[in-house]
Amino acid sequence: MIDAGLDGLHEVTKAEVGDKTLVDTLFPANEAMKKVTREGKSLAQALVDLKTAAEMGRNSTKDLVAKLGRSSRLGERSRGVLDAGAVSCCLILCAMADGILEQAAKA
Amino acid sequence: MRIAIGCDPNAVDLKKILMAFIKDKGHEVVDYGSDDPIYANVAIRVAEDVAKGVCKKGVLICGTGIGVSITANKVKGAYAACISDVYQAQRAALSNNANIITIGSQVIGPESAKCLVEAYLPLVFDPRSRSVPKVERITEYESR
């Protein structure tokens, strides 16, 4: 699903990791899911790795200068704050993962 | 029981040892990572998921166990005990209802750390014990 999301994004934007966009969250989250699936780990571990990668990706945007999108007009002034797209993408991914984790914990 | 574990980059070796040990005891272990030099990030992730009930208990490790303990205790519903002996491990569960233990990899040897985990994990807080009003004062303050 996340893979499809990335593919969809690539059709409309050329944003890559390091451009200070939601790709900085989505790409590492996707890689983490792929890695944990390859290693045959548990669902809980996959979801926790997804959250961890998404959060680290989000945090990485703080020291970046925006290269694409609206905030790119700020240039150097965009350094020092998290990217709004990376933050909201992280919120969505983590909420999704938490929802599944909490349901699984109850079951 | 699903156990969350996480550490800073200094404590990777001890974390791996404890992960294998906890698995051997028949628990599911979820690894919250060890790559982030800002130990607060992993401590927050473990504390939040233990507080939410995603994992039943947590184990956090840094150099002294202090930093991850201070951090985890900032998360509502997380109660982290920084322990270094077996009696503390027992009382953390029985007297203090701690849902996380924190250990210092530069303080505790691997075999001692296993003893701490082994002592702590099976014990459950008794809701009729005389510690109840003391613990309740903490949760009451927390939700003010």
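**A strand in the interior**

Guide: Let us begin with strand E5(B), which is covered on both faces: Ile100(B), Thr102(B) and Gly104(B) are buried on one side, and Ile101(B) and Ile103(B) are buried on the other. Please keep in mind that this is a predicted model.

Visitor: Why do the residues of a strand fall into two sets?

Guide: Side chains in a regular strand alternate between the two faces of the sheet. In this case, five of the five residues of E5(B), residues 100-104, are buried, so the strand is largely enclosed by the rest of the structure.

Visitor: Which strands pair with E5(B), and in what sense?

Guide: One partner is strand E3(B), residues 57-62, which runs parallel to E5(B) and is joined to it by five bridges. Within this pairing, Cys62(B) has Gly104(B) as its bridge partner. Another partner is strand E4(B), residues 80-82, which pairs with E5(B) in the parallel sense over three bridges.

Visitor: How many helices and strands does chain B contain?

Guide: Chain B has six helices and five strands. Along the sequence they follow the pattern β-α-β-α-β-α-β-α-β-α-α. The radius of gyration of chain B is 14 Å, close to the 15 Å given by the globule rule for 144 residues, so the chain is as compact as a globular protein of that length. The C-alpha trace spans about 40 × 25 × 25 Å along its principal axes.

Visitor: What share of the residues in chain B is buried?

Guide: Buried residues account for 47% of the 144 residues in chain B. As for contacts with a separation of 6 or more, 67% of those in chain B are between residues 24 or more positions apart.

Visitor: Where does chain B touch chain A?

Guide: Twelve residues from chain B and eleven residues from chain A form the contact. On the side of chain B, strand E2 (28-31) and helix H2 (39-52) each supply at least two residues. That side of chain B comprises three nonpolar, three polar and six charged residues.

Visitor: What confidence does the predictor assign to the model?

Guide: For chain B, the mean pLDDT is 96, and 100% of its residues reach 70 or more. The model as a whole scores ipTM 0.80 and pTM 0.87.

Note on methods: Residues are numbered from 1 along each chain as its sequence is written. Chains are lettered from A and ligands numbered from 1 in the order in which they are written. This is a predicted model: local features need pLDDT of at least 70, side-chain atom pairs count only at pLDDT 80 or more; totals for chains, interfaces and linings use all residues. Helices (H or I, at least four residues) and strands (E, at least two) are DSSP runs, numbered from the N terminus. The radius of gyration is taken over C-alpha atoms; the globule rule is 2.2 Å times the number of residues to the power 0.38. A residue is buried if 20 or more other C-beta atoms lie within 10 Å of its own, exposed if 12 or fewer, and partly exposed in between; C-beta atoms are placed from the backbone. Two residues are in contact if their C-beta atoms, placed from the backbone, lie within 7 Å. Ala, Val, Leu, Ile, Met, Phe, Trp, Tyr, Cys and Pro count as nonpolar, Asp, Glu, Lys and Arg as charged, and the others, Gly among them, as polar. pLDDT is the predictor's confidence in each residue, from 0 to 100. Two strands pair if DSSP finds at least two bridges between them.
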